[in-house]
Amino acid sequence: MDLVELLPSLYFLRFPVGHVYLWRDPDGLTLIDSGLPGSAPLIEEAVRALGHAPSDVRRLVLTHFHEDHTGSAAEIVSWGDVTVYAHRDDAPYVRGEAAGPPPVLSGWERDLWDQVHAGMPQVPAPPVRVDRELDDGDALDFGGGARVLAVPGHTPGSLALHLPGPGVLFTGDTIARAPDGQVILGVFNADPARAVASFARQAALDAEIACFGHGEPVTEGASGLLRDAAARLTG
């Protein structure tokens, strides 16, 4: 895991699979996603490296139910008074009450699916409580005010977070960045058509920085890159 500063209040925790982001405000820390099972010690290490205690984490926002994003949530919750957020349509899967829908894989995605999952720990994500189920348009009290966007397609309850003040967009797995730097539609989508529509919705926002669940974040001019990618998808 690498700890990378994107802004004085925003940090990128780079994992081989399933990145984590940390935002810090004067009243505490917010984590966006929790990585695979077993990632919590490395996240704790990053928190301490920034001069904080694990108990300073106040919020954990889960962009969707997949195990590379919820895998360490249960351990992070044990650190203290942590409020867990997820979209209401993914909340039952996060809590372990039901199995989420599988992806619809195109031909080229099948080999990638096998490669990715061959390198992942074969440990299921422990279920975790959801303290607040989110809807489109909800606001969260961090980063000067974070707007929740429902962006279904990757999963039924995928969500994105837009921080208009600092110009930051957290996309979860709805958008990704390829190794060559190209911004692309996220892979392994349960509903590919809805995923494309959700991509276009996010591309219409104003953002300087875009933070993805997979691939390196865009650290300047994110809106232009997202709009160009959306035009390729829909054109």
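1. Which residues line the largest cavity? They are His19, Tyr21, Ile32, Asp33, Thr63, Phe170, Thr171, Gly172, Cys211, Phe212 and Gly213. A cavity is a set of points on a 1 Å grid over the protein atoms alone where a 1.4 Å probe fits but cannot get out, and lining residues have an atom within 4 Å of a point.

2. The model is predicted: local features need pLDDT of at least 70, side-chain atom pairs count only at pLDDT 80 or more, and totals for chains, interfaces and linings use all residues. Residues are numbered from 1 along each chain as its sequence is written, and side-chain values use heavy atoms, without hydrogens and water.

3. One cavity of 30 Å³ or more is present. The volume of the largest cavity is about 40 Å³, taken as the space filled by probe spheres set on the grid points, which are joined across faces, edges and corners.

4. Strands S11 (168-172) and S14 (209-212) each supply at least two residues of this lining; S11 gives the most, with three. Strands are DSSP runs (E, at least two residues), as are helices (H or I, at least four), numbered from the N terminus.

5. S11 and S14 also belong to an open sheet of five strands, ordered S8-S9-S10-S11-S14 with mixed pairing. Strands pair if DSSP finds at least two bridges between them. S8 (139-140) and S14 are at the edges with a single partner strand each, so one side of each has no neighbour in the sheet.

6. S8 runs antiparallel to S9 (residues 146-150), joined by two bridges. Leu140 is opposite Ala146 in S9.

How values were computed. On a 1 Å grid over the protein atoms alone, a cavity is a set of points where a 1.4 Å probe fits but cannot get out, and a pocket is an open set with protein on both sides within 12 Å along at least five of seven lines; lining residues have an atom within 4 Å of a point.
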